Amino acid sequence: MDFSYPAEVEHFRNELRAWLSANLTDDVVAAGRMGGRDDAAFETLRAWNATIADAGWAAVSWPREYGGRGATVLEQLVYAEETTRARMPVPLNVIGINNIAPAIMQYGTEEQKRTLLPRMVRADDIWCQGMSEPEAGSDLASLRTKAVRVGDHFVVNGQKIWTSLGHRADWCQLYVRTDPEAPKHKGISCLIVDMALPGIQARPLVTLTGEADFAELFFDDVRVPADALLGPQNQGWQVATTTLSHERAGAARLYAGLQVQLEDLVADLAGIAVNGRPALQDPVTLRRLGELAVRTKYLEVLCQRSISAMLHGGDAFASASLAKTIWGELGQDLAALAFDVLGPVAANGRWAERRLASRSLTIAGGTTQINKNVTAQRVLGLPRK
């Protein structure tokens, strides 16, 4: 694993640091902590998205012709580390920028690229991704939402769930079944759907933390123009695979984010006593903090191995899948430690929210069970059965 940074990458880092120092404000950081639950915070983040897009920092991995910087993998790594440590909020359209836009760049028409991408990167339009269904979560190929071609339209019926920002979205990258007779991986198509079309209903889903970042979507005889098809008909699985494999250095956010949280926890423990002594002198607390620090460092090395594999033609997917599993478990353990030691203080602060939200870490973005299967097969070489 070789992570020596060329001079141009260090120049990229210094340029980013200087820009963040001059432009990232406390109110933007605070809005990022609020997420999408507060309308005022949401609009603050939308305005911030326009600011970073206009400065060329919203989608650094995008080609320059679409508003990016054509950043290399190492530059993307630096970007993820620096923005996370500066506590810069991720873009509102982070799923769109990292996942949907690359598919539009590869499969979209020139009209789609020209009209959709500039508005996406500035968050002028909010995007969601219609994948998960009540009986097709981790198993995307089992989706049942169907689209039937009728003249120059697809008629869509079905339901999606756990759709990030689905109730705020202007557009949806929607995966539908267009050939019910084909094997389940081969009868799927991808549509770009205007969420203002008649027949679409979005219901916000409130999580344990009180946030409404997700929604369930219902499609009732929605007539989607046939030219909204993204990629070839019945080859949506290929579109999905391309989309989900485009985050090339996003793994850096896994360890960088935990490092920031660990720093926050140590700072919050500074004024807390455990068994009559300062928490940061309590041997049990120190042991648990030390274990988390070592495991987080291991996660950093694992993520960097995944990124190194990309640079040298290895299998990045297997190590990235393992990193996701470790990240989820680490996040849960860190939140549990904070809640255990801070006690009543945690119940009224950010750690209570993190404790509740941490339960989703082993589900969202790929369940631990699925990721362990990937690790067993592609890292350990175990048979499927």
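Helix 8 passes helix 9 in a left-handed crossing. Left-handed here means the near helix is turned anticlockwise from the far one by less than a right angle. Helices are DSSP runs of H or I with at least four residues, and strands are E runs of at least two, numbered from the N terminus.

A word on the model. It is predicted, so local features need pLDDT of at least 70 and side-chain atom pairs pLDDT 80 or more, while totals for chains, interfaces and linings use all residues. Residues are numbered from 1 along each chain, and side-chain values use heavy atoms, without hydrogens or water.

Back to the pair. The axes of helix 8 (residues 252–269) and helix 9 (residues 283–312) come within 9 Å and cross at roughly 165 degrees. So helix 8 is roughly antiparallel to helix 9, a label for angles over 145 degrees.

Who touches whom? Contact means heavy atoms within 4.5 Å. Helix 8 brings residues including Leu 254, Tyr 255 and Leu 258. Helix 9 brings, among others, Thr 285, Leu 289 and Glu 300. By class, the contact has twelve nonpolar, four polar and one charged residues.

Next, the second largest pocket. Its space is about 220 Å³. Its lining has 13 residues. Nearest its centre lie Gln 112, Trp 171, Ile 192, Asp 227 and Ala 228. Which element gives the most to this lining? Helix 6, with four residues. Strand 5 (188–194) and strand 7 (214–225) are also among the elements giving two or more. The lining divides into eight nonpolar, two polar and three charged residues.

Conventions: Axes are lines fitted to C-alpha atoms, for helices over the stretch in contact, and angles run from 0 to 180 degrees between N-to-C directions. Angles under 35 degrees count as roughly parallel, over 145 as roughly antiparallel, 65 to 115 as roughly perpendicular and the rest as oblique. Ala, Val, Leu, Ile, Met, Phe, Trp, Tyr, Cys and Pro count as nonpolar, Asp, Glu, Lys and Arg as charged, and the others, Gly among them, as polar. On a 1 Å grid over the protein atoms alone, a cavity is a set of points where a 1.4 Å probe fits but cannot get out, and a pocket is an open set with protein on both sides within 12 Å along at least five of seven lines; lining residues have an atom within 4 Å of a point. Grid points are joined across faces, edges and corners, and a volume is the space filled by probe spheres set on the points.
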